[in-house]
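Good morning, and thank you for joining this group meeting.

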Amino acid sequence: QVQLQESGPGLVKPSQTLSLTCTVSGASITTNYYYWIWIRQPPRKGLEWMGAIAYFGSTSVSPSLKSRTSISWDTSKNRFTLQLNSVTPEDTAVYYCTSWVDATKFWYWGQGTQVTVSS
């Protein structure tokens, strides 16, 4: 079973960069047909797909966030990261790392981590 754990700061100042890491256990992030996805949920709003990195290393980012978002990974440590630049209070949300396993059509979720952008 895939397990995911988000880590990173809970509080970030406006204009700074948010960096979150998702540590994966139970599967290699390079396993065929596994996708590693960042999703967030601002307060009183729905889920927002932010971006993903595929098992072969290609990335995709939401068009609304592309200019200030990057996703990367460290396969030696079996983890992937989200970097969000120039944050504003509108970026306050619970951030989730997730995994889509195509073979089983199962979507694993981490527990989420609260990130607050405030001065």
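**An exposed leucine and its surroundings**

Let us begin with L47, which has a relative accessible area of 51% and is therefore exposed, the cut-off being over 50%. Please bear in mind throughout that this is a predicted model. L47 is located in the loop that runs between β4 (34-41) and β5 (48-54). On the surface, L47 belongs to a nonpolar patch together with W107 and W109. The accessible area of these three residues together is about 300 Å².

I turn now to the charged side chains. Side chains of opposite charge can pair when their charged atoms come close. How many salt bridges does a search of the whole structure find? The search gives four.

Which residues are linked in a network of salt bridges? They are R40, E48, R68 and D91. Let us take the pairs in turn. R40 forms a salt bridge with E48, where the closest N and O atoms are 2.7 Å apart. R40 also meets D91 in a salt bridge, at 2.9 Å from N to O. R40 lies in strand β4, whereas D91 lies in the loop between β8 (79-84) and β9 (93-101), so this pair ties together parts that are 51 residues apart in sequence.

Is R40 buried or exposed? Its relative accessibility is 5%, so R40 counts as buried, the limit being under 20%. D91 is likewise buried, with a relative accessible area of 1%.

D91 has a further partner in R68, and the side chains of these two residues meet in a salt bridge of 2.8 Å, N to O. R68 is in the loop between β6 (59-61) and β7 (69-74), and D91 is in the loop between β8 and β9, so the pair ties together parts that are 23 residues apart in sequence.

Finally, let us consider the chain as a whole. Its secondary structure consists of 11 strands and zero helices. The C-alpha atoms fill a box of roughly 40 × 25 × 25 Å along the principal axes. For 119 residues, a compact globule would have a radius of gyration near 14 Å, and the protein chain agrees with this at 14 Å. Buried residues account for 43% of the 119 residues. Of the contacts between residues at least 6 apart in sequence, 53% join residues at least 24 apart. The protein chain exposes about 6300 Å², and carbon and sulfur atoms supply 49% of that area.

Key:
Residues are numbered from 1 along each chain as its sequence is written. This is a predicted model: local features need pLDDT of at least 70, side-chain atom pairs count only at pLDDT 80 or more; totals for chains, interfaces and linings use all residues. Side-chain values use heavy atoms; hydrogens and water are left out. Patches are made of residues with over 30% relative accessible area and no salt bridge: like charges are joined within 9 Å, nonpolar side chains (Val, Leu, Ile, Met, Phe, Trp, Tyr) within 5 Å. Accessible areas come from the Shrake-Rupley method with a 1.4 Å probe; for residues, only the protein chains shown count as cover. Helices (H or I, at least four residues) and strands (E, at least two) are DSSP runs, numbered from the N terminus. Buried means under 20% relative accessible area, exposed over 50%, partly exposed in between (1.4 Å probe, protein chains only). The radius of gyration is taken over C-alpha atoms; the globule rule is 2.2 Å times the number of residues to the power 0.38. Contact means heavy atoms within 4.5 Å.
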